[in-house]
Amino acid sequence: MDFAVEHLVNPNGEGFLKLIGVLDIYTIEKFNLEMDKLGPMISLTIDFSELYFIDSTGIGCILQILFKSKEHHFSVDMIGIRPEISDIFEVVGLYQIWKTIQKDG
Amino acid sequence: MFEKKFSHNAPDSLDQTLKREIHLARNIQMKLLNGKQPVLENAQLRGSSIPARLIGGDYYDFYPLMNGKLRIVIGDVMGKGIPAAMLMILTRGAFRSAAEFTKGPGETLTAMNNALFEDLRSLGSFVTLLCADWDPKTGRLNYANAGHPLPLIIKHTKTILQVPKLLGVMLGGLPHQIYEEKEIVLDPKDCVYFYTDGIIEAQNRNGEQFKRDRLIQVLLENYEKSAEDLEKAVLKEILDFAQDTPQRDDITMVILKNDQNSTFVSGFNSPVMNY
């Protein structure tokens with residue numbers, strides 16, 4: 001399964017990112033290229049509803065977004081996370097990191 | 001007069017040099033990772049790691065403590081191959097330094113996170129780790145978790161015990177983390193199975209994953225075997241499942257089998273403690 005990403009930032013500075021397929025060591029380059037295209041934002045909503053698999057490198061990408069959000073002062077919302085991916089996020093502590101960064105933000 | 005003698009042999013191509021150096025790096029990692037393991041009386045200990053590429057980011061280690069306990073760690077560096085392997089070596093150093101002075105697994109993970117946090121952040125990486133202290137006198141296993149899958153306990157009654165849930169943030173995720181500890185007591189003949197997610201995420205040619213249920217099944221079916229044979233049985237099951245599908249992720253496991261009531265650790269770097 002390949003990877004695709006849809007993104008846009010609307011005139012209000014609200015960003016939307018939809019992840020599709022598999023985000024792993026083989027597809028992160030595509031992800032990073034698309035991330036670089038996103039301009040300044042006040043918020044970013046990441047839609048995981050069509051993401052079927054993520055490995056540690058993929059989690060690293062999501063982590064980078066969270067750290068960027070702290071650096072550039074935009075909020076992050078994560079929606080549509082499939083149960084198996086949600087379990088992984090819970091185990092590695094990604095939700096805890098997200099909560100802490102949003103609180104400190 | 002001295003004459004310069006020039007070698008007429010063509011220099012190695014970059015490709016050949018890289019191949020040689022990767023193999024040397026692999027040898028170093030294999031020696032460090034799968035080196036001398038503590039010899040336990042009345043318990044069996046087995047650890048093994050198979051990288052997806054020539055070298056990888058999975059890690060396990062043992063550290064016999066002066067109080068007779070054994071500190072066990074298993075972990076997974078983000079990514080694969082050379083970058084992950086380099087960070088694995090860093091993690092190993094941090095563990096061995098921390099294990100020398102920390103009181104328990106929670107404190108060990110805190111010390112490791114404090115030591116590695118800035119480096120991991122600057123590299124955009126992280127490490128998941130599970131650390132546990134095994135006390136052969138009491139059968140207690142104290143554990144702490146930094147984002148890693150929890151171990152499975154195969155009871156002597158041939159059932160799987162659900163280890164009390166314990167979550168924690170991966171190393172490199174947040175600074176100044178305090179890692180909580182929990183404890184279970186192992187009965188004689190109980191077996192603890194630590195693993196990395198490469199096992200449950202191994203895929204076959206249909207894209208199906210091995211999954212935890214299949215792992216539990218093979219552990220129960222082979223429970224009465226020695227730690228070494230149990231390890232072989234799990235690896236065979238994974239190979240049979242995956243068939244010729246290339247290995248996607250590093251695969252690592254540690255098996256601790258409590259043979260009797262008491263265990264004496266005669267470690268390679270601690271004195272023998274008799275009770």
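## The interface of chain A and chain B

How many residues of chain A are in contact with how many residues of chain B? In this predicted model, 21 residues of chain A are in contact with 23 residues of chain B. The size of an interface is often given as the accessible area lost when the parts come together. Here chain A and chain B bury about 1700 Å² between them, with 61% of that area on carbon and sulfur atoms.

Polar interactions also cross this boundary, where the rule finds three salt bridges and where five residue pairs, both members at pLDDT 80 or more, are in polar contact. On the side of chain A that touches chain B, at least two residues each come from helix 2 (56-72), helix 3 (83-92) and helix 4 (94-104) of chain A. Helix 2 of chain A gives the most to this side, with seven residues. Sorted by class, the side of chain A that touches chain B has 11 nonpolar, seven polar and three charged residues.

## Salt bridges

Side chains of opposite charge can pair when their charged atoms come close. Over all chains, the count by this rule comes to 19 salt bridges. A salt bridge between the two chains is formed by Glu90(A) and Lys165(B), whose closest N and O atoms are 3.4 Å apart.

Within chain A, the side chains of Lys30(A) and Asp2(A) meet in a salt bridge with an N to O distance of 3.7 Å. This pair links distant parts of the chain, since Lys30(A) is in helix 1 (residues 28-37) of chain A and Asp2(A) is in the segment before strand 1 (3-9) of chain A, 28 residues apart.

## The hairpin of chain A

Strand 1 of chain A pairs with strand 2 (residues 14-23) of chain A in the antiparallel sense, over seven bridges. Within this pairing, Glu6(A) has Lys18(A), in strand 2 of chain A, as its bridge partner. The hairpin of these strands has four residues between them, and Gly13(A) takes a positive phi near 85 degrees there.

## Two open sheets of chain B

Strands of a sheet pair through backbone hydrogen bonds, either parallel or antiparallel. One open sheet of chain B has five strands in the order 3-4-5-6-9, with antiparallel pairing. Strand 3 (58-64) and strand 9 (181-185) of chain B stand at its edges and have a single partner strand each, so one side of each is left without a neighbour in the sheet. Neighbouring strands of this sheet are turned against each other by 20 degrees on average, direction ignored. Strand 3 of chain B and strand 4 (residues 70-77) of chain B pair antiparallel over seven bridges, and Tyr63(B) stands opposite Arg71(B), in strand 4 of chain B.

Another open sheet of chain B has five strands in the order 2-11-10-7-8, and its pairing is antiparallel. Its edges are strand 2 (43-50) and strand 8 (160-161) of chain B, each with a single partner strand, so one side of each is left without a neighbour in the sheet. Strand 10 (residues 191-195) and strand 11 (residues 251-258) of chain B run antiparallel and are joined by five bridges; Tyr195(B) has Met253(B), in strand 11 of chain B, as its bridge partner. Helix 6 (residues 227-242) of chain B lies across strand 2, strand 10 and strand 11 of chain B, and runs at about 150 degrees to strand 11 of chain B.

Conventions:
Residues are numbered from 1 along each chain as its sequence is written. Chains are lettered from A and ligands numbered from 1 in the order in which they are written. This is a predicted model: local features need pLDDT of at least 70, side-chain atom pairs count only at pLDDT 80 or more; totals for chains, interfaces and linings use all residues. Side-chain values use heavy atoms; hydrogens and water are left out. Contact means heavy atoms within 4.5 Å. Buried area is the accessible area (1.4 Å probe) that two parts lose on being put together, summed over both. A salt bridge is a side-chain nitrogen of Lys or Arg within 4 Å of a carboxyl oxygen of Asp or Glu. A polar contact is a pair of N or O atoms within 3.5 Å; within protein, one must be able to donate a hydrogen and the other to accept it, and residues adjacent in sequence count only if both atoms are side-chain atoms. Ala, Val, Leu, Ile, Met, Phe, Trp, Tyr, Cys and Pro count as nonpolar, Asp, Glu, Lys and Arg as charged, and the others, Gly among them, as polar. Two strands pair if DSSP finds at least two bridges between them. Axes are lines fitted to C-alpha atoms, for helices over the stretch in contact, and angles run from 0 to 180 degrees between N-to-C directions.
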